[in-house]
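Here are my notes for you, written so that you can follow along in the viewer. Take the points one at a time and find each residue as you read.

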Amino acid sequence: MRTGIFFFYQEGERLRDFPQALKGILERENVFFYDAFYPSKPTSSFDLESVSHEILYEVHSPGMVEEVRKMGIFEGALLSASGTIRAAEKIWTGEIDHAFVFTGYGDHHAGTDFFGGGCYFNGAAIAIQELRKRFGARRFAIIDTDAHHGEGTWEIFKADPDVLYGCFCGYPSWEENNKVNVNVPMKVKDGAYLDIVREFLLSKAKPFQPEVLFWNWGYDGTQGEYGDIGLTPEAHILLTRELKEWAVEISQGRLITILCGGSRRDLAHSLIPRMIAVLAEVHKDEKKISK
Ligand SMILES: [Zn+2]
Ligand SMILES: [Zn+2]
């Protein structure tokens, strides 16, 4: 499978070890690196374009876009969303099979007319509207394993039954119009968490048969993080394996993993290369070679 990595250079601690922490992965033939924003790098054919206002307006109100402009993070917010949008296009046109998107600012707290919690533009939502407009795609699923509730994503697709949204958070379980909130206990073991996600995939996502599966992945629920729900780092690796396999079954392998919450540099460094290695089947190949 061909793995696209959509890179975003973020000022600050979290992604300080990237992209150099991807050494050994980036060199592989089935891995494609698309660079969204890296101030010190020379321009290359893999540079990502920013997104136009017309594209933003497919999801967000002009007034909200203007408010975000005043926040001093506008370019970073645009390029974060751009990674997800380009990943979706390249997957749809068959250039790559699945993707990992680095972002500076996430998705799920950004709604039609509001933003907050480090989210300014809803990259997954914009990507969905782009795929619909440009390619006639219709049905999508978003699985959200950030520790917090995604009120922005929920609101954007509230009236849209063709987007299945599974939000795993501390709020009570409820469901409306293919928006599904799945309650996660305050403290949960890895195995129980995986069971909860698996149950959603089996009972909701599989029968829904989305054309693309988006994964709003946050690591803020990891032990010691700001949204600690008791998960160990290993839970994220297991989730990656699981979702990659489920995507083959339910969305023709089309999976877009989007970095959302999480703040620790050490966790980003230890988790993200391993997750991308799972997507790109790095160790599977190594095993083959060593046989
Ligand atoms: Zn969060
Ligand atoms: Zn929720």
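1. Some ground rules. This is a predicted model, where local features need pLDDT of at least 70, side-chain atom pairs count only at pLDDT 80 or more, and totals for chains, interfaces and linings use all residues. Residues are numbered from 1 along each chain as its sequence is written, chains are lettered from A and ligands numbered from 1 in the order in which they are written, and side-chain values use heavy atoms, with hydrogens and water left out.

2. Which protein atoms hold the zinc ion (ligand 2)? Its donors are His149 (ND1), Cys167 (SG), Cys169 (SG) and Asn181 (OD1), at 2.0 to 2.2 Å. Donors here are N, O and S atoms within 2.8 Å of the metal (3.2 Å for Na, K and Ca), and since water is not among the atoms, sites may look incomplete. The 4 donor atoms subtend angles of 93 to 125° around this zinc ion, so the arrangement is tetrahedral.

3. The spacing of the donors of the zinc ion (ligand 2) reads H-x17-C-x1-C-x11-N. His149 sits in the loop between strand E4 (140-144) and helix H5 (151-156), while Cys167 belongs to strand E5 (residues 163-169), so the pair ties together parts 18 residues apart in sequence. (Helices, H or I, have at least four residues and strands, E, at least two; both are DSSP runs, numbered from the N terminus.) His149 is buried at 10% relative accessible area, and Cys167 is buried at 0%. Buried means under 20% relative accessible area, exposed over 50%, and partly exposed in between, with a 1.4 Å probe and protein chains only.

4. Asp146 is buried, at 2% relative accessible area, whereas His148 is partly exposed at 30%.

5. You'll find Gly227 in the loop between strand E8 (212-217) and H7, and it is buried at 13% relative accessibility. Gly227 touches Ala147, His148, Asp220 and Gly221, leaving aside residues up to four places away in sequence; touching, or contact, means heavy atoms within 4.5 Å.

6. Is His236 buried or exposed? His236 is buried, at 1% relative accessibility. Its place is in helix H7 (residues 233-250). Beyond residues up to four places away in sequence, His236 touches several others, including Trp215, Trp217, Tyr219 and Met275.

7. The largest cavity is lined by Ala77, Ser80, Ala81, Tyr105, Gly106, Asp107, Tyr120 and Phe121. On a 1 Å grid over the protein atoms alone, a cavity is a set of points where a 1.4 Å probe fits but cannot get out, and a pocket is an open set with protein on both sides within 12 Å along at least five of seven lines; lining residues have an atom within 4 Å of a point.

Conventions:
Tetrahedral: all angles 85-135°; square planar, octahedral: opposite > 155°, others 65-115°.
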